[in-house]
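Please read each numbered point beside the displayed model.

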Amino acid sequence: MTTIVIRRAEPGDHLGVAKTFTGRSAAGGTLQTPYPSEAEWKESLAGDPKRNYVFAVLLDGETVGDSDLHRAQLSPRRAHCWGLGMAVHDDRQGRGIGTRLMRTMIDLADNWLGALRIELTVCSDNGRAVRRYEKFGFLIEGTHRAFALREGVFVDAYAMARLHPRPPQLPSI
Ligand SMILES: CC(C)(COP(=O)(O)OP(=O)(O)OC[C@H]1O[C@@H](n2cnc3c(N)ncnc32)[C@H](O)[C@@H]1OP(=O)(O)O)[C@@H](O)C(=O)NCCC(=O)NCCS
């Protein structure tokens with residue numbers, strides 16, 4: 001039986017996370033390249049864990065994907081906004097792993113961080129990812145034209161966002 005574990009990524013997970021992005025789909029669907037640097041990931045994973053919640057998904061102990069929920073910007077006026085990104089290794093996509101990662105991040109965002117707005121960009125031809133986000137309440141807000149270079153071609157990206165469906169309330173006085 002396969003064991004799936006989703007937990008916070010630690011600096012020592014850099015090798016597994018870098019490996020995910022050797023896949024052209026994982027790199028092309030995000031803003032990575034298929035030539036990831038292990039040193040860069042080590043540095044990135046050593047960043048402030050209170051501003052960037054990175055998760056690793058392990059299949060029988062092997063890292064096969066990751067996701068992150070990070071503070072969108074430094075301005076206090078955007079303190080309610082968080083950014084989201086995720087990738088599953090090319091060979092493991094379409095098996096429900098992305099869905100499980102999303103459930104974990106939405107639980108963290110809604111119930112523990114009180115994130116009122118979560119935003120992301122996704123290539124407009126990435127039907128699998130767009131459907132996944134819509135299923136979790138994200139809406140398309142607009143299109144960035146020629147947003148990023150992918151496999152030698154400029155691709156458009158949707159700006160998507162989700163507002164907290166049940167924002168936490170203060171007790172009445
Ligand atoms: C997007 C991604 C994270 C989703 O993870 P995943 O493990 O592949 O997704 P799941 O297996 O949980 O979900 C697949 C869903 O997409 C659907 N799907 C599969 N292929 C699809 C396609 N070509 N078009 C539309 N929907 C598709 C499946 O039916 C399933 O939907 P369901 O749960 O309603 O049945 C993953 O595919 C990935 O890493 N892609 C490359 C990187 C990327 O695009 N990251 C997102 C950047 S914003």
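1. A residue is near a molecule or strand if one of its heavy atoms lies within 4 Å of it. Of the 23 residues around the ligand, those that come nearest are Val88, Gly96, Thr99, Asn126 and Lys135.

2. On the basis of the note: this is a predicted model, in which local features need pLDDT of at least 70 and side-chain atom pairs count only at pLDDT 80 or more, while totals for chains, interfaces and linings use all residues. Residues are numbered from 1 along each chain as its sequence is written, and side-chain values use heavy atoms, with hydrogens and water left out.

3. Which atoms make polar contacts with the ligand (a polar contact is a pair of N or O atoms within 3.5 Å; within protein, one must be able to donate a hydrogen and the other to accept it, and residues adjacent in sequence count only if both atoms are side-chain atoms)? A polar backbone atom of Gly96 is 2.6 Å from an oxygen atom of the ligand. In the side chain of Arg128, an N or O atom lies 3.2 Å from a nitrogen atom of the ligand.

4. Helices (H or I, at least four residues) and strands (E, at least two) are DSSP runs, numbered from the N terminus. Buried denotes under 20% relative accessible area, exposed over 50%, and partly exposed in between (1.4 Å probe, protein chains only). In helix 5 (residues 127-135), the buried residues include Ala129, Val130 and Tyr133. These residues lie on the same side of helix 5 because they cover an arc of only 100° around the axis, the arc being that of the directions from the helix axis to the C-beta atoms. An α-helix has 3.6 residues a turn, so residues three or four places apart point the same way.

5. Arg128, Arg131 and Lys135 are exposed on the face of helix 5 turned away from its buried side. The buried residues of helix 5 pack against strand 4 (81-88), helix 4 (97-113), strand 5 (117-123), strand 6 (139-150) and strand 7 (153-163), where contact means heavy atoms within 4.5 Å. Gly137, with a positive phi near 95°, follows helix 5.

6. The whole structure holds 11 salt bridges, each defined as a side-chain nitrogen of Lys or Arg within 4 Å of a carboxyl oxygen of Asp or Glu. One of them joins Glu62 and Lys19 at 2.9 Å, N to O. Glu62 is in strand 3 (residues 62-71) and Lys19 in helix 1 (residues 14-20), so the pair ties together parts that are 43 residues apart in sequence. Another links Glu119 to Arg117 at 2.7 Å, N to O. Both Glu119 and Arg117 are buried. Through shared partners, salt bridges join Arg78, Arg117, Glu119 and Glu141 into one network.

7. Rings of Phe, Tyr and Trp (its six-membered ring) pair if their centres lie within 6.5 Å; planes under 30 degrees apart count as stacked, over 60 as edge-to-face and the rest as tilted. The count comes to three aromatic pairs. Phe21 and Trp41 are stacked, because their ring centres are 5.3 Å apart and their planes are at 5°. Both Phe21 and Trp41 are buried. Tyr133 and Phe138 form a tilted pair, 5.6 Å centre to centre with 55° between the planes. Tyr133 is buried at a relative accessible area of 6%, and Phe138 is buried at 1%.
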